[in-house]
Amino acid sequence: MVVQEFRRLFPALGERVYGKPLVYLDNAATSQRPQTVLDKQRELAARSNANIHRAVHKLAVDATEEYEKTRDAVKDFLHAGSREEIVFTSGTTMSINLVASCFGEAFVHEGDEIIVSVAEHHSNIVPWQLLCARKKAVLKVLEIDEFGGLLTESLEKLISQRTKIIAIAHISNVLGLVNPVADIIATAHRHGVPVLVDGAQGSVHEVVDVQALDCDFYAFSGHKVYGPTGTGVLYGKRKWLEAMPPYMGGGEMIETVRFSGTTYAPIPGKFEAGTQNFNTIPALQDSLALAKSCMSDPEIIENQKNITEYILENLAKDPRIRLFGVPRGTWTKIPLFSFVVEGAHHEDLALILDKMGIAVRSGQMCAEPLMDRFGVTGMLRASFAPYNTMEEAAYFVKCLDKAISMLI
Amino acid sequence: MSLEEKKQEVIDDFSMYEEWLDKYEYLIELGKALEPYPEGEKTEEKLIKGCQSRVWLDYERKDGKLYFRADSDAIITKGIISLLISVYSGRTPEEIAGDDFGFVEQIGLRENLSPTRANGLVSMIATIRRAAEEQI
């Protein structure tokens, strides 16, 4: 599919801001939604709004069918072994919190260790810190080199007899480098350590096969893959999900409730307490199908590659710019660029670019430890999606240059 | 110049620029011209929370009036601080505490800055107001 054609599926991309065409480059935070997804959300709210799994009436049956059909779609998207291994959540953050809480409850004890990397999003740090505080466990940190590459060779040394789980991003939301998660998982498994992959960025840019990866958990959000906000997924291997206690108590997650003792529903229901997000979760069917089709579309792949090369080349030209997450050797970079400009504050740049119609992110990108690692207070990030064009990339380069010259 | 007159002057100055980029250029100029703030006084205590950029604000009382000085690592923020200082520095605590700071909205700063920045602006105003209230 040509990019222009793909682009037209997204009504937001035709918007104008401050009288200028919107150039949306904050996709790593939230991607825009196609009309089909928006229509699906509206249709479900209008025609199938009823609690799932319980009532026998038509609306409830329709809603349940749509919701459970989505579980199959997610199973296919991740190439999971079974639909019971797919748990719906509100997003990556909830998925990781669920694992930190429930896996932690079952398997982490005083003096045990958990490994994360310095390049993680706060959502893949803080849940583990909370667990460590609760269990008196220790959080260990895998470092990166100056280019942003994970020092995977030092992982072996970090793993000990006490390591209970490793939690690592598939792709860092700041660096944009595809981490060698398969190698990390293989290393971890040699020591009998399970691995959670934070797939918030990975699910957008990489074909994910959880069975081939052999990861123990994979978490991602709907709103970054053209889906609705408040939708998320946790994939977990059956053996772990079955061994973990429930996350929240409430309706849906039970088998029988007695004051003498309650038993829980089999997975995945055990982790889906309360009224689920049945008006929006089914919209993931369309968004995931779209994401998948992008990943195998030669023209879109080519365009993404060209944009990445073009931006890397232009950022490298300007000696005032320091890019974080520089692809070298076998590292692959997605079109996501975080950088600082000497003498120009990231917030000033973002404000000026905004008035030129360009939406970028500035600040700490929910990754303060990584900001500290590089000794900066924040960065500017431009993150492209498959619907962004080369013309937009060129406009961004031109406007960035103008913004810098206004400030320096 | 009275507080009301000064506010009107700022509103008039700002309204000369139609384009947002021109308004930013103006704020950048103001920011660059702001009186230097001693590096040694950029302490945690003087740092205003709630801004994406770092803002330090300090004041002293002289002859019953408050004099502010401030700095930021972001130049547009610095320009906004410069505006606030030009309006409120050299006023009595009563004058400042009694003001509604509505002129900030009249020049469109609040709604045209990002929410985080707007938060920063709110924090700056709150700090100036608190300083005045403490001095009454």
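Mentor: In chain A, seven strands make up an open sheet with mixed pairing, and their order is β4-β10-β9-β8-β7-β5-β6. Strands (E, at least two residues) and helices (H or I, at least four) are DSSP runs, numbered from the N terminus; two strands pair if DSSP finds at least two bridges between them. The edges of the sheet are taken by β4 (86-89) and β6 (138-142) of chain A, and each has a single partner strand, so one side of each is left without a neighbour in the sheet. On average, neighbouring strands of this sheet are turned by 20° against each other, direction ignored.

This is a predicted model: local features need pLDDT of at least 70, side-chain atom pairs count only at pLDDT 80 or more, and totals for chains, interfaces and linings use all residues. Residues are numbered from 1 along each chain as its sequence is written, while chains are lettered from A and ligands numbered from 1 in the order in which they are written.

Now to one pair within the sheet. Strands β9 (residues 217-221) and β10 (residues 232-236) of chain A run antiparallel and are joined by five bridges. Within β10(A), A:Y235 is the residue opposite A:Y218.

Helix α5 (residues 126-135) of chain A lies across β5 (113-117), β6 and β7 (163-169) of chain A. Its direction is at about 145° to β6(A), with axes fitted to C-alpha atoms, for helices over the stretch in contact (C-beta atoms, placed from the backbone, within 7 Å), and angles running from 0 to 180 degrees between N-to-C directions.

Chain B, for comparison, has seven helices and two strands, in the order α-α-β-β-α-α-α-α-α from the N terminus on.

Key. Two residues are in contact if their C-beta atoms, placed from the backbone, lie within 7 Å.
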